[in-house]
Amino acid sequence: MGISSTVRYFTAKSGEERTLSPSTLFAWKEKYFHELKQRCSDEDPSINEFPSKKRGWPLLLGSELDERMQLFLKQLRANGAVINTAIVMATAKGIVQSKDSNLLAKNGGTIVLSKYWARSIMAQMNFVKRRGNSKFKVTCSNFEELREQFLFDIKTIIEFEEIPDDLILNWDHTGVNYIPVSSWTIAREGSRR
């Protein structure tokens, strides 16, 4: 069956007005013979479909490391963590270093982790940049038990290290715009005025 008769055959079979171009069929023929040569050692050399080519750029980390990184980021997001470019870059760096730290550019390798790369990973995963905030509430079923354990640990360290009461500060960093200073610094500043 020649190219022109094949064009007529597939055009009639599809039932559409659009015709196949001869160059498309010629490319299919070349792929068919190439695939047939690849399968010459197989018992069943029949070809039902052509293997598809991978499109786009190759993955920077490779398929195995990229898959591990994306799985880790999805688990973080599922647990309510903030995912941004810094987190993506740190995760990738940790995963690459766990396999072979010489793959990173700073160690002589070829992997350069940049903000632009991290943004593209986030876009690929359909993640948006999240900021950290205090609106996400963590609910613990055993909150009282954890609080008591935390206070007990603090009391134990104070007694064990013999920390005086003057050096114990209770400090909440939420919404604070000033830096704490000691009473000695305040007294010294007051004497200068």
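1. You'll find Asn126 in the loop between H5 and helix H6 (143-161). Helices here are DSSP runs of H or I with at least four residues, strands are runs of E with at least two, and both are numbered from the N terminus. Have a look at the backbone too: phi of Asn126 is near 60 degrees, a positive value in a residue other than glycine. Most residues other than glycine have a negative phi.

2. Before going on, a word on what you're looking at. This is a predicted model, where local features need pLDDT of at least 70, side-chain atom pairs count only at pLDDT 80 or more, and totals for chains, interfaces and linings use all residues. Residues are numbered from 1 along each chain as its sequence is written, and side-chain values use heavy atoms, with hydrogens and water left out.

3. Glu162 is another one to click on. Its phi is positive, about 55 degrees, although Glu162 is not a glycine. Glu162 sits in the loop between H6 and helix H7 (183-192), and it counts as exposed because its relative accessibility is 68%.

4. Now zoom out. The chain has seven helices and zero strands. Buried residues make up 16% of its 193 residues. Of the contacts with a separation of 6 or more, 46% are between residues 24 or more positions apart (contact means heavy atoms within 4.5 Å).

5. Next, the inside. The largest nonpolar core has 18 residues, and those with the most contacts inside it are Leu61, Met69, Leu73, Val88, Leu113 and Trp117. Such a core is a set of buried Ala, Val, Leu, Ile, Met, Phe, Trp, Tyr and Cys residues joined through side-chain atoms within 4.5 Å.

6. Is Met69 buried or exposed? Met69 counts as buried, because its relative accessibility is 0%. It belongs to helix H3 (residues 62-78). Not counting residues up to four places away in sequence, Met69 touches Leu61, Val88, Thr91, Ala92, Ile95, Trp117 and Ile121. The C-alpha atoms of Met69 and Ala92 are 6.1 Å apart, though 23 residues separate the two along the chain.

7. How do the helices pack? H3 and helix H4 (residues 85-100) meet at an angle of about 135 degrees, with their axes 10 Å apart. So H3 is oblique to H4: under 35 degrees counts as roughly parallel, over 145 as roughly antiparallel, 65 to 115 as roughly perpendicular and the rest as oblique. Axes are lines fitted to C-alpha atoms, for helices over the stretch in contact, and angles run from 0 to 180 degrees between N-to-C directions.

8. H4 also packs against H5, at an angle of about 100 degrees and with the axes 9 Å apart. That's why H4 is roughly perpendicular to H5. On the H4 side the contact uses Thr85, Val88, Met89 and Ala92, while H5 brings residues including Trp117, Ala118 and Ile121.

9. One last stop in H3: Gln70. Gln70 is buried, because its relative accessible area is 15%. Leaving aside neighbours within four places in sequence, Gln70 is in contact with Gln124 and Met125.

Note on methods
Buried < 20%, exposed > 50% of the residue type's maximum accessible area, 1.4 Å probe, protein only.
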